[in-house]
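Have a look at the sequence and the 3D structure below. The notes after it are meant for someone meeting this molecule for the first time.

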Amino acid sequence: MDRPNVFTDPYEYDSSDPEGYRSAMSRVGERAGGRETVVKAYEIPPGERLCPYHYEFVEEWLLILTGELELRTPAGTETIGRGELVCFPAGPDGAHQLTNRSGDVARVLMFSSGREPAVAVYPDSDKIGVWTGRREDEFMLRRADGNVGYYDGEVQPGDGPPD
């Protein structure tokens, strides 16, 4: 069994991340053999964010390993630092975003459910993302553009195609 080290293992940057959202990740939980809980280590350079402000429908946990970060939640913003543990509850009350406003790189661990499908809501941009485990079935849409009625496009057997 592999035993990753969150302080010495390599972190990888995604070249497609835009400026302001450039952070590196290490899939430490997966490498350690985890399947039910996703554990990822992130390195967040000064001036960068981990991801857009969002919430999910499972709780997430954050542990600050090094550095200080600005944490935005529905209650406002605050500075959190080394050793602090935060639980983000499922739903809108758990919305969060991490920004590194310090001059030093920060490292964190994020823990969440490994179950799919997974849904995240992005209140600032009015988007919803759905991850199904099948890349061809995953999508991101704006809520205003994608809001249709539950029975929209549905027909009863034998009724023929919808008009």
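This is a predicted model: local features need pLDDT of at least 70, side-chain atom pairs count only at pLDDT 80 or more; totals for chains, interfaces and linings use all residues.

Residues are numbered from 1 along each chain as its sequence is written, and side-chain values use heavy atoms, with hydrogens and water left out.

Let's start with the largest pocket, which has a volume of about 1,800 Å³. A pocket here is an open set of points on a 1 Å grid over the protein atoms alone, where a 1.4 Å probe fits, with protein on both sides within 12 Å along at least five of seven lines; lining residues have an atom within 4 Å of a point. Among the 49 lining residues, M25, R27, K40, Y42 and W131 are the closest to the centre. Strand β3 gives the largest share of the lining, five residues. Strands are DSSP runs of E with at least two residues, numbered from the N terminus. By type, the lining splits into 24 nonpolar, ten polar and 15 charged residues, with Asp, Glu, Lys and Arg as charged, Ala, Val, Leu, Ile, Met, Phe, Trp, Tyr, Cys and Pro as nonpolar, and the others, Gly among them, as polar.

Now for the rings. There is one aromatic pair in the structure: Y55 and F57, edge-to-face, at 5.7 Å centre to centre and 75 degrees between the planes. (Rings of Phe, Tyr and Trp, the last by its six-membered ring, pair if their centres lie within 6.5 Å, and planes over 60 degrees apart count as edge-to-face.) Y55 is buried at 10% relative accessibility, while F57 is partly exposed at 48%. Buried means under 20% relative accessible area, exposed over 50%, and partly exposed in between, using a 1.4 Å probe and protein chains only.

| Residue | Loop | Contacts beyond four places in sequence | C-alpha distance |
|---|---|---|---|
| P52 | between β3 (37-44) and β4 (55-56) | Y21, H96, Q97 and Y122 | 8.3 Å to H96 |
| T132 | between β12 and β13 | E116, P117, D137 and E138 | 5.4 Å to E116 |

P52 is partly exposed, at 32% relative accessibility. T132 also counts as partly exposed, with a relative accessible area of 28%.

Conventions. Contact means heavy atoms within 4.5 Å. Rings of Phe, Tyr and Trp (its six-membered ring) pair if their centres lie within 6.5 Å; planes under 30 degrees apart count as stacked, over 60 as edge-to-face and the rest as tilted. Grid points are joined across faces, edges and corners, and a volume is the space filled by probe spheres set on the points.
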